[in-house]
Amino acid sequence: MKESQFNIINKINNEEIIIYNSYSGALAKLNKKYINIIDNIENIEYKENKDEINNMKKCGFIVDKEVDELKKIKDLIEKNKTISNKLKLVIAPTLECNFRCLYCYENQIEGKMNISIQNNIVKLCEHMIYTKQINEIQVFWYGGEPLLYNDIINNLSQKIIDLCKKNDVKYIAGIVTNGYLINKKMIDEFKQNRILSAQITLDGTKEVHDKRRILYDGKNGTFMKIFKNINLLLNENINVTIRMNVDKENKDNIKDLVEFLKDNIDDKRKLNLSLGCVFPTDEDKNNRNICCMNKSEFADVKLDTLMIAQKYDLNKIIEKNFPKKRFNYCSAPTESSYVINHKGEVFKCWNDVCDENLKVGYIEDIIQENLKDNCIFKKWKKHNILNSDKCRKCNILPLCSGGCPRNQIYKNESPKCEDLKYSINNIIKFYYDRNKNN
């Protein structure tokens with residue numbers, strides 16, 4: 001037997017440790033007897049320590065000597081990349097937006113998806129159902145601001161839903177929206193279109209948010225209208241993840257936002273807050289890069305946010321942030337995952353949707369199976385984080401899967417550690433203490 005590569009150990013004192021395994025997800029406190037077994041696992045007498053050894057094997061803290069843990073991860077990564085029974089579509093009906101957010105990386109491109117391209121998306125779904133025998137279609141509406149052209153969402157949703165009903169295929173939908181245009185009629189349409197989850201951004205309390213997320217005409221504040229719409233969605237049982245894009249300018253406003261949400265969300269059990277780090281861009285149009293945090297700084301902010309959520313008993317935020325394994329950083333490397341913009345251009349990454357130089361083809365190319373000849377598509381398919389020595393040796397590899405692959409693929413950059421690398425010990429101690437006290 002041997003100790004797992006993926007153990008993360010926090011020493012409490014000479015008698016006790018907190019241990020977490022990033023592959024199995026097991027979290028425990030071990031006394032001196034268990035510590036001695038781990039420290040001397042290759043020479044330990046099995047019969048005298050049978051129960052303890054079996055317990056630790058069950059948790060993944062120790063594994064049989066012949067087990068190749070990296071091969072297990074490699075196999076799971078490849079399995080996830082080649083999932084053939086699910087189709088995931090990110091659809092941008094337009095790249096137009098009614099906001100002009102200071103840090104937005106997208107170009108404002110006029111135009112909306114015409115009926116011919118909409119019909120091609122339906123044909124793509126038909127093709128995948130009839131030739132690939134998929135049993136699930138996931139659609140995520142994106143932009144720009146997708147609700148500027150809600151008629152496109154309604155038309156496409158109903159056609160794909162009818163197709164799925166006819167062929168006994170599961171259908172799941174969600175939306176990324178700034179939330180400003182939502183109303184009661186639209187929420188009823190969300191339900192008809194099976195859009196049961198939404199990501200909506202609030203960048204702080206009213207004073208802070210309204211300086212960052214402004215309407216295209218620069219006039220009215222947006223916070224109160226968006227917040228009202230978030231409550232409308234939650235009250236209609238549509239899950240909302242409130243996104244806060246964080247940099248040095250608004251990080252100290254997180255506590256105030258959480259307090260506001262705690263006091264004003266109608267049912268705080270439904271409250272989920274996710275932090276996003278505003279990242280530097282190659283084109284820094286608004287001199288925003290100087291405000292960006294590094295991963296270590298962002299890790300501290302996320303840990304502080306967990307403490308704030310615990311103070312106000314916001315369990316959903318805490319539960320959603322427990323570190324869990326993932327064997328692809330995102331869906332982009334997955335073969336049957338595509339991003340489609342209003343012109344019918346196909347991409348692999350959400351962030352590429354405005355750059356036609358990064359397209360892998362058109363909808364027709366998926367149907368005709370021509371994408372395999374596209375050089376960008378090949379790069380995404382070929383990408384393998386286990387080629388990195390640093391990642392192969394890392395004990396949190398199952399949690400981050402090597403970080404965002406985009407710059408690794410396009411710029412041949414080395415993998416950059418995620419914020420979790422800088423906070424994992426404190427995160428694990430936080431969850432252990434929380435479980436101990438509950």
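Modeller: The side chain of Asn395 reaches the backbone oxygen of Asn7 at 3.3 Å.

Biologist: What makes the approach of the Asn395 side chain to the backbone oxygen of Asn7 a polar contact?

Modeller: A polar contact is a pair of N or O atoms within 3.5 Å, where within protein one atom must be able to donate a hydrogen and the other to accept it, and where residues adjacent in sequence count only if both atoms are side-chain atoms. The value for Asn395 and Asn7 is 3.3 Å, so the pair lies within that limit. This is a predicted model, in which local features need pLDDT of at least 70, side-chain atom pairs count only at pLDDT 80 or more, and totals for chains, interfaces and linings use all residues. Residues are numbered from 1 along each chain as its sequence is written, and side-chain values use heavy atoms, with hydrogens and water left out.

Biologist: Where does Asn395 lie, and why is Asn395 called partly exposed?

Modeller: Asn395 sits in the loop between α14 (389–392) and α15 (397–400), where helices are DSSP runs of H or I with at least four residues, strands are runs of E with at least two, and both are numbered from the N terminus. Buried means under 20% relative accessible area, exposed means over 50%, and partly exposed is in between (1.4 Å probe, protein chains only). Asn395 has 24%, and is therefore partly exposed. Contact means heavy atoms within 4.5 Å, and, leaving aside neighbours within four places in sequence, Asn395 is in contact with Gln5, Phe6, Asn7, Ile8, Ser22 and Lys421.

Biologist: Why does Asn98 count as buried, and which side chain makes a polar contact with the side chain of Asn98?

Modeller: Asn98, in the loop between β7 (94–95) and β8 (109–112), has 7% relative accessibility and therefore counts as buried. The side chain of Asn98 makes a polar contact with the side chain of Asn178, at 2.9 Å.

Biologist: Why is Asp247 called buried, and which side chain does the side chain of Asp247 meet in a polar contact?

Modeller: Asp247 lies in the loop between β12 (239–246) and α9 (254–264), and a relative accessible area of 0% is why Asp247 is buried. The partner of its side chain is the side chain of Arg212, at 3.1 Å.

Biologist: Why are α4 and α5 said to be roughly parallel?

Modeller: Two packed helices are described by the angle between their axes and the distance between the axes. Axes are lines fitted to C-alpha atoms, for helices over the stretch in contact, and angles run from 0 to 180 degrees between N-to-C directions. Angles under 35 degrees count as roughly parallel, over 145 as roughly antiparallel, 65 to 115 as roughly perpendicular and the rest as oblique. The axes of α4 (residues 115–132) and α5 come within 10 Å and cross at roughly 20°, and the two helices are therefore roughly parallel to each other.

Biologist: Which kinds of residue, by class, make up the contact of α4 with α5?

Modeller: Among the residues that meet are Ile115, Val122 and Ile129 in α4 and Ile152, Leu156 and Leu163 in α5. By class, this contact has 10 nonpolar, 4 polar and 3 charged residues, where Ala, Val, Leu, Ile, Met, Phe, Trp, Tyr, Cys and Pro count as nonpolar, Asp, Glu, Lys and Arg as charged, and the others, Gly among them, as polar.

Biologist: What makes α5 roughly parallel to α6?

Modeller: The axes of α5 (residues 150–167) and α6 (residues 184–192) come within 10 Å and cross at roughly 20°, which makes α5 roughly parallel to α6. The contact is made by Asn150, Asn154, Gln158 and Ile161 of α5 and Met186, Glu189 and Gln192 of α6, which gives 2 nonpolar, 4 polar and 1 charged residues.

Biologist: What is the phi of Asp168, and why does Asp168 count as exposed?

Modeller: Most residues other than glycine have a negative phi, and most peptide bonds are trans. Asp168, in the loop between α5 and β10, has a positive phi near 55° and is not a glycine. At 70% relative accessibility, Asp168 therefore counts as exposed. Val169 is found in the loop between α5 and β10 (170–176), and its relative accessible area of 8% is why Val169 is buried.
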